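Subject: Structure for your review

Dear colleague,

Please find the structure below, followed by an account of what was found in it.

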Amino acid sequence: MILKPTDHPYFMKYRRTFRNYVLLVGILTFGCAVKAQQPNIVIIISDDHAYQTIGAYGSKWAQTKNIDRLAKEGAIFTKSYVTNSICGPSRAAILTGKYSNKNGFKDNENSNFDFNQDNFAKALQKVGYQTAWIGKMHLGNNTPQGFDYYSILPDQGRYYNPDFIQMDNTRKKFQGYVTDIVTDEAEKWMKKRDEAKPFCLVIGHKATHRTWMPALEDLGRYDSIKFELPSNFYDDYKTRKAAAVQDMSIARTMTLRNDLKMYDGQPLNHSGDISDMTEDQQKQWHAYYDKIKMQFEKEKPVGRALTEWKYQRYMKDYLSTAASLDRNIGKTLDYLDKSGLAQNTIVIYLSDQGFYMGEHGWFDKRWMYEQSFRTPMLMRYPGLVKPGSTIDQFLLNIDIAPTLLQAAGAAVPTEMQGLSFLPLLKKQRYTAREAIYYHYYENGEHAVSPHFGVKTNRYKLIRFYKRVEHWELFDLQNDPDELHNIYDSKAAAPIVKEMKAKLNALIKKYQDTEAAKIFNTGIKK
Ligand code: SGN
Ligand code: CA
């Protein structure tokens, strides 16, 4: 008999120990590999940032090299939509992965977000993530849950020298411009975080919310440009009852004094108030705007010339405010690069909803019409998303939560209604939506009638209620500007029927009982 060295009694004695040791090393290595696969997550949410004003989305004028960089290094989503186009409700949908009827935060006016329900941050914490939200949150007054750290703007927050609500409920005042401060605070948190754990950080920017106050260094950045009017700028709302009664037009609603900074000593609305600027900031501010006011007084535009003058100023202020947003997104991306985090960090950039840049003669959002329904969204995910990809399937903001949870290896709470698009990114089996559902509830400022509806690639069906009882149908192929409501045309009858069936199915799917009631009641003529 030939004895192998491993048959030596000494080896035999320790064989079990040795085997266990190998097993243990294996488990540890595998465990670490799994951990290493848990990506960090940075979600940058801006406010009211229109896709029409982003280079990667085709803007001729906007300089957004850092957002464009996300498109180059990752993916641009061309059909990303929101479930309810307004600030708080959109953030609530992103957090919970649920429609407003399920997460309870239907409008900005009466809601306090119920943090006792599941949200993606809580689910990430359960699989070892540390989480933070810095900047604008706008979800009411309840204490945030799911975040190990937060420092958030009260309500809308201020552009200059803003207060932040701290975790002990005190307010801390910061000197400077809000977009810079939010970015710096986010970077500080990333630096002091526990490096042994993966992290999820939400960076909530106030920009580009009304009243579009640029950083001092960006004043005048777009002054040499004369912006073209959108093709439906002079919309007459002829076939659209709800659109006819809104209060969000550049011509009538946008004010020279408050929105466009043509100060006349009269009191300003809270969001246009500049009294929280330092004396020096005010000096630089006035040096710029007073010159424009003088020019305005010389020109004295009236009628359409006045509306167009306002449009030009609106575009300039808005894009200049967005300049700081873009620069600060660049700062965050640079930090991820420099710190070596970029390779294992998902970065998502999106706005809480889209915005009107003169389309239909408007500013603001809320409608199921394209510019506010659709929102810009880009994502960098090294190793998974091929640089320069275009994702053109329908996606909703409620899809973000389940997608991130899947990427992190966390359980997706069963009540989440969104559809993870991780398989789509991984080029695995994924059934894209053929139709998307929308429901807007608020019935106050800007006089937009509550409505719900369904959109397919070709058609959009909308039911307005409360303020205006009305149905609308658009053929988006022949009428991309959404000017001609063809709901009552005989030829459209089969399409109305088909779209109503789709709408009804989605109302049922998302269990929107309020919409179901209205859908089934019909309109008295
Ligand atoms: C403010 C603005 C509105 C805006 C809402 C909601 N008015 O009330 O124009 O629609 O916020 O915005 S202002 O005179 O105060 O600027 S949201 O983004 O928070 O939903
Ligand atoms: Ca908003």
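In this predicted model, Gly135 stands opposite Ile152 in strand E5. Helices (DSSP runs of H or I, at least four residues) and strands (runs of E, at least two) are numbered from the N terminus. E5 covers residues 149-152 and runs parallel to strand E4 (residues 130-135), to which four bridges join it; two strands are said to pair if DSSP finds at least two bridges between them. E4 is also joined to strand E8 (residues 199-204), again in parallel, by six bridges. Within that pairing, Thr131 has Cys200 as its bridge partner, and Trp133 has Val202. E4 is mostly covered, with six of its six residues buried. Here buried means under 20% relative accessible area, exposed over 50%, and partly exposed in between, with a 1.4 Å probe and protein chains only.

E8 is likewise mostly covered, six of its six residues being buried. Phe199, Leu201 and Ile203 point one way from the strand, while Cys200, Val202 and Gly204 point the other way. In a regular strand the side chains alternate between the two faces of the sheet. E8 also pairs with strand E1 in the parallel sense, over five bridges, and there Val42 stands opposite Leu201.

The conventions are as follows. Residues are numbered from 1 along each chain as its sequence is written, and chains are lettered from A and ligands numbered from 1 in the order in which they are written. As this is a predicted model, local features need pLDDT of at least 70 and side-chain atom pairs count only at pLDDT 80 or more, whereas totals for chains, interfaces and linings use all residues; side-chain values use heavy atoms, with hydrogens and water left out.

The loop between E8 and helix H7 (241-244) contains Thr208, and the peptide bond from Ala207 to Thr208 is cis, with omega near 5°. Thr211 lies in the loop between E8 and H7 as well; a cis peptide bond with omega of about 10° joins Arg210 to Thr211. Most residues other than glycine have a negative phi, and most peptide bonds are trans. Asp48, although not a glycine, has a positive phi of about 65°. Asp48 is located in the loop between E1 (40-46) and helix H2 (65-73), and it is buried, with a relative accessible area of 0%. Asp155 is not a glycine either, yet has a positive phi of about 45°; its place is the loop between E5 and strand E6 (163-165).

In H2 itself, the buried residues include Asn66, Ile67, Asp68, Arg69, Leu70 and Ala71. Their cover includes strand E2 (75-77), helix H9 (303-338), strand E9 (345-351), strand E10 (377-380) and strand E11 (389-391).

Helix H11 (residues 400-408) has eight of its nine residues buried, so it is largely enclosed by the rest of the structure. The buried residues are Ile400, Ala401, Pro402, Thr403, Leu404, Leu405, Ala407 and Ala408. Just after H11, Gly409 takes a positive phi of about 75°. Ala410 belongs to the loop between H11 and helix H12 (422-425) and is buried, with a relative accessible area of 10%. Leaving aside neighbours within four places in sequence, Ala410 is in contact (heavy atoms within 4.5 Å) with Ala123, Val127 and Leu405. Ala410 and Ala432 are 22 residues apart along the chain, and their C-alpha atoms are separated by 22 Å.

As for the protein chain as a whole, there are 14 helices and 16 strands. Buried residues make up 59% of its 525 residues. The C-alpha atoms fill a box of roughly 110 × 65 × 40 Å, taken along the principal axes. Among contacts between residues at least 6 apart in sequence, 68% join residues at least 24 apart. The accessible surface, computed by the Shrake-Rupley method with a 1.4 Å probe and, for residues, with only the protein chains shown counting as cover, comes to about 22,800 Å², of which 53% belongs to carbon and sulfur atoms.

With kind regards
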